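Biologist: I would like to go through this complex and hear what stands behind each term. Please give the value and the rule together where a rule is needed.

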Amino acid sequence: MRVWKYGDDINTDMLFPGKYTYTCSTAEEIKPHLLEDLDADFAKQVQTGDVIFAGKNFGCGSSREQPALGLKAVGIQAVVAKSFSRIFYRASTNQGLLLIECPEAVDAFKDSDIVEIHAAKGEIKVGEQSFSFPKLPPEMMAIMDAGGLLPYTRVKLARGKRLEARG
Amino acid sequence: MGRTFAQKVLAKKSGQESVEIGQIVTVKPDHLLTHDNTAAIIGKIGPELEKYGVVRPDLNIIVLDHVIPAATEKNAAGHKTIREFVKKHKIQNFFDIGEGICHQIVYEKGFARPGMVIVGSDSHTCSYGAVGTFATGVDRTESASLILTGETWFKVPPTIKITLQGKLQKRVTAKDIILTIIGDISADGAGYKAVEFHGDIQNLTMDGRFTMTNMGIEMGAKIAVFPVDEITQQFFKSHNIIVQPEEIVWADSDAVYERELTYDLGQIEPVIAAPHTVDHVKSIAELADKTVHQCLLGTCTNGRLSDFQVAAEIIKNKKISSETRLLILPASRSIMQEAMKAGYINTLIEAGAVLLPPGCGPCLGAHQGALAPGERCLSTANRNFKGRMGCKEAEIYLASPATVAASALAGKIRDPRKEVA
């Protein structure tokens, strides 16, 4: 497992350039361009289980969801940041991508540290140190547990919740 | 205890007497805006659309604006898919290429109304706070789910109250106010929060208010909102939008705020957001005489009539520098027509400007007016991220229409107060 470390205000253009927004929508189309203008090695070398550490306001900018969809698709285990932008946070939950807001863990991280994440316990280990992060509210947890918003919505529709929503 | 605008709208829309900060509520938005990305959104839910259809044909507002006319076969195929979806599902509110930028359409056609909740698959959906709408951006997946279910959730945000006092100097604009605020509170200074503007708002036009709410997201805000006043009512009247008094929602005078800021508008100076973040705000003096290779006047941030008016006043009977290019991009067809009638477009074209069709144009780097490595663009748009205009080795500076016009004449960054008409 590798940790990819980035700074503050990593915006959606750095995560996925705007010039591809209307030509790349599926995971396979998105993957080669992930973080293209930020770190050319990322798309080539990222592996399932890798973690991203970043500073404040990760994912700021556009509502484009390709970053969240792509990071989930390449198997990023979690993004750990000092804070996240609102739309990116929502988009990631909707993809079932785990985001951990934990400034202490980001500050503690040193290059050779082994990182372990226990999502259910709300715990992240960075080297010898251990940090806790708050659990998601139940409404968001239900979306994560379903594997993202669309699987969640499909179940809801199948249960006939739709009739209620029309009211 | 008084309630903020966000608390009052979310209480009303979730069918509760009152809601607390941090509470999660389920809401059925009045509208869902999507644009060229509609093709990708409906692509996620093909079988579900077949089985269940759309939840409400009047929920969607679809505007083709991001890459118009289509630049590639793939864009064209996306547009075609959207037109077919609109016909098949009898979507009531569809605007094909050339009508304008989605946010301007939602605003000028009267879809955005006071007290409504509107979500959109575009981060600048927050613009409609200019007319007292609770409006915010969501991703494509959430838009897909909304098309099927018509409902979503919100966490009730805390609110920052920004009080504006006094009046702007000549040639200093609302863009300078909002860039100054973002520079002060930073790109995440309003993260997850609502922003309410209070004070001497009678000194701000609707065009100016829209510029400010449009950039709410650039400080991380969930929503940014102005109260409805006489000027808003005049806007409604001139656009044949009938609003009942009971639709209007505003914060209680004793509402509780997380943070309060006050700005003296008379002290605001023309400013510029330097690369590569919107909160990297500098005075013009710090950047004066920097060469600009391309100037962009327009977009959803500053593509309205008064933006073309101020630029035309500055540029009239002059030529833009041969060292730069000026691209002009009205926010909608109707604005383009008004600006033509008023002679502004002709003034700018005579000076050497290139007129682009009403749409998002060069702002997002997908087509039209892309930059080359080493080039510098001075733009009235809302984002200056690295690579935003198609090239990561180019620089984007953000400024007001007055600053862009004055700088286009010189081919260098200039203070618009020094350009006497």
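Biologist: How many Å separate the centres of domain 2 of chain B and domain 3 of chain B?

Modeller: The separation is 23 Å, taken over C-alpha atoms. This is a predicted model. The domain assignment of chain B gives domain 1 (25-154), domain 2 (157-268) and domain 3 (271-418).

Biologist: What makes domain 2 and domain 3 of chain B count as in contact?

Modeller: Two residues are in contact if their C-beta atoms lie within 7 Å. By that rule 17 residues of domain 2 of chain B are in contact with 22 residues of domain 3 of chain B. On the domain 2 side, the elements giving two or more residues are α7 (174-185) and α8 (206-214) of chain B. α7(B) gives the most to that side, with six residues. By class, the domain 2 side has five nonpolar, seven polar and five charged residues.

Biologist: Which domains does chain A have, and how far apart are their C-alpha centres?

Modeller: Chain A is assigned domain 1 (3-134) and domain 2 (136-167). Their C-alpha centres lie 24 Å apart. The contact takes four residues from domain 1 of chain A and six residues from domain 2 of chain A. On the domain 1 side there are four polar residues, with no nonpolar and no charged ones.

Biologist: What share of chain A is buried, and what makes a residue buried?

Modeller: Buried residues make up 46% of the 167 residues in chain A. A residue is buried if 20 or more other C-beta atoms lie within 10 Å of its own. As for contacts in chain A between residues at least 6 apart in sequence, 63% join residues at least 24 apart.

Biologist: What makes both faces of strand β3 of chain A covered?

Modeller: Strand β3 (residues 78-81) of chain A has Ala78(A) and Val80(A) on one side and Val79(A) and Ala81(A) on the other, and all are buried. Each therefore meets the cut-off of 20 or more other C-beta atoms within 10 Å.

Biologist: How do you know that β2(A) and β3(A) pair?

Modeller: Two strands pair if there are at least two bridges between them. Four bridges join strand β2 (residues 51-54) of chain A to β3(A), so the pair qualifies, and the strands run parallel. Ala54(A) stands opposite Ala81(A) in β3(A).

Biologist: How many residues bring chain B and chain A into contact?

Modeller: 47 residues of chain B are in contact with 38 residues of chain A. On the chain B side, α2 (38-43), α3 (46-52), α4 (73-88) and α6 (140-149) each supply at least two residues. The largest share, seven residues, comes from α6(B). That side divides into 14 nonpolar, 18 polar and 15 charged residues.

Biologist: What confidence does the predictor give the complex and chain B?

Modeller: The complex has an ipTM of 0.90 and a pTM of 0.95. The mean pLDDT of chain B is 97, and 99% of its residues reach 70 or more.

Definitions and conventions: Residues are numbered from 1 along each chain as its sequence is written. Chains are lettered from A and ligands numbered from 1 in the order in which they are written. This is a predicted model: local features need pLDDT of at least 70, side-chain atom pairs count only at pLDDT 80 or more; totals for chains, interfaces and linings use all residues. Domain bounds come from an automatic or database domain assignment. Ala, Val, Leu, Ile, Met, Phe, Trp, Tyr, Cys and Pro count as nonpolar, Asp, Glu, Lys and Arg as charged, and the others, Gly among them, as polar. A residue is buried if 20 or more other C-beta atoms lie within 10 Å of its own, exposed if 12 or fewer, and partly exposed in between; C-beta atoms are placed from the backbone. pLDDT is the predictor's confidence in each residue, from 0 to 100.
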